[in-house]
Amino acid sequence: MSIRVTHTHGEDIAVTAANGTEILRYVYRPDPDPFESRKPYAHPVRTLSGRTVTGYRPNDHRWHKGLQMTASHLSGQNFWGGNCYVHGQGYLPLPERVGSMRHDGFPEFTVEDDRLAFTEELTWVENGGEEWAREVRGLTVHSVVEEAGAWALDWSIRLTNVRSEPLAFGSPTTAGREMAGYTGLQWRGPRDFTGGTVFAPDTDADAGKLMGTQGPWLAFTTEHDDVDGHSTLVFAHAPENLDEASAIHESHWFVRSEPFPTVAFSWAFFEEFELPPGESFAFRYRLVVADGAWDRDRVGTHLEGLPW
């Protein structure tokens, strides 16, 4: 299926499928509140039939915005937004610790009949204005297939430390809060994903038992409010992410179906890791957005047909 791309310069990039459904809007003009960690995000994200599968500024966490790259604990700063976890004191509003990600440009931007691929350059800026990291981010919309009722978004990150000292990546769990290891690329679902079904390959574990586990992919299905229908999201790692020889640090799933729906590809769930000055790390991820309630076999078969 072909796509149409609309770039409103300085604000956002919208992708519309041939059937007229806007399936993705990537917003790089920062939202106004610095406490929410000003940075780009993807919202709304929709299935081909028009079901919205991302949430934006929910009343429980205003800094949750669709699909976004985050770092909850980074050398004492918070590039996630909102309250900071401090061991022994809980979550505290510490606006002086909340950093931001500055959009610097799109060095590559390619639109084909059925594919959008762009590279974005960003700078991670701590709250006092010091530049801590340079990021090269890649987004690719592809495999928009009407017959399958699905499309795919690939999201990559290459992050380089531009400080004179190491960058320490962690999470609330590395700071002392059990099973709250959220950080990295994070999805927040809309309200009707609450209580949805979460599953992974080779296990019957649900969301609660999958929290903190590892695996090549994770799927989340729900039945929508308002309209009759289901949606399925599949979160998948590129093979090298799980290769101990090539990945800088082990990845684990942060996943909740209740009290609110969220998934993160956590790169520092249980343990901190450091990025030395001048060095980089990289990850690649894939999100499949599908109409219908897919099962384990259908997810596995579909992913096999999407080579990296």
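Reply: Glutamate 223 counts as exposed, because its relative accessibility is 52% and exposed means over 50% relative accessible area, buried under 20% and partly exposed in between (1.4 Å probe, protein chains only). This is a predicted model, in which local features need pLDDT of at least 70 and side-chain atom pairs count only at pLDDT 80 or more, while totals for chains, interfaces and linings use all residues. Residues are numbered from 1 along each chain as its sequence is written, and side-chain values use heavy atoms, with hydrogens and water left out.

Glutamate 223 lies in strand S16, residues 217-223 (strands are DSSP runs of E, at least two residues, numbered from the N terminus). On the surface, Glu223 gathers with Asp225, Asp226 and Asp228 in a patch of negative charge; such a patch is made of residues with over 30% relative accessible area and no salt bridge, like charges being joined within 9 Å.

Salt bridges (a side-chain nitrogen of Lys or Arg within 4 Å of a carboxyl oxygen of Asp or Glu) number 15 in the whole structure. In one of them, arginine 137 pairs with glutamate 135, with the closest N and O atoms 2.7 Å apart. Arginine 137 is buried at 1% relative accessible area, and glutamate 135 is buried at 1%. Glutamate 22 bridges to arginine 25 at 2.6 Å between the closest N and O atoms; glutamate 22 is buried at 18%, whereas arginine 25 is partly exposed at 25%. Glu22 and Arg25 also belong to a network of salt bridges that includes Asp12 and Arg46.

Methods. Patches are made of residues with over 30% relative accessible area and no salt bridge: like charges are joined within 9 Å, nonpolar side chains (Val, Leu, Ile, Met, Phe, Trp, Tyr) within 5 Å. Accessible areas come from the Shrake-Rupley method with a 1.4 Å probe; for residues, only the protein chains shown count as cover. Lys and Arg count as positive and Asp and Glu as negative; His and the chain ends are not counted. The place of a charge is taken as NZ of Lys, CZ of Arg, CG of Asp or CD of Glu. Helices (H or I, at least four residues) and strands (E, at least two) are DSSP runs, numbered from the N terminus.
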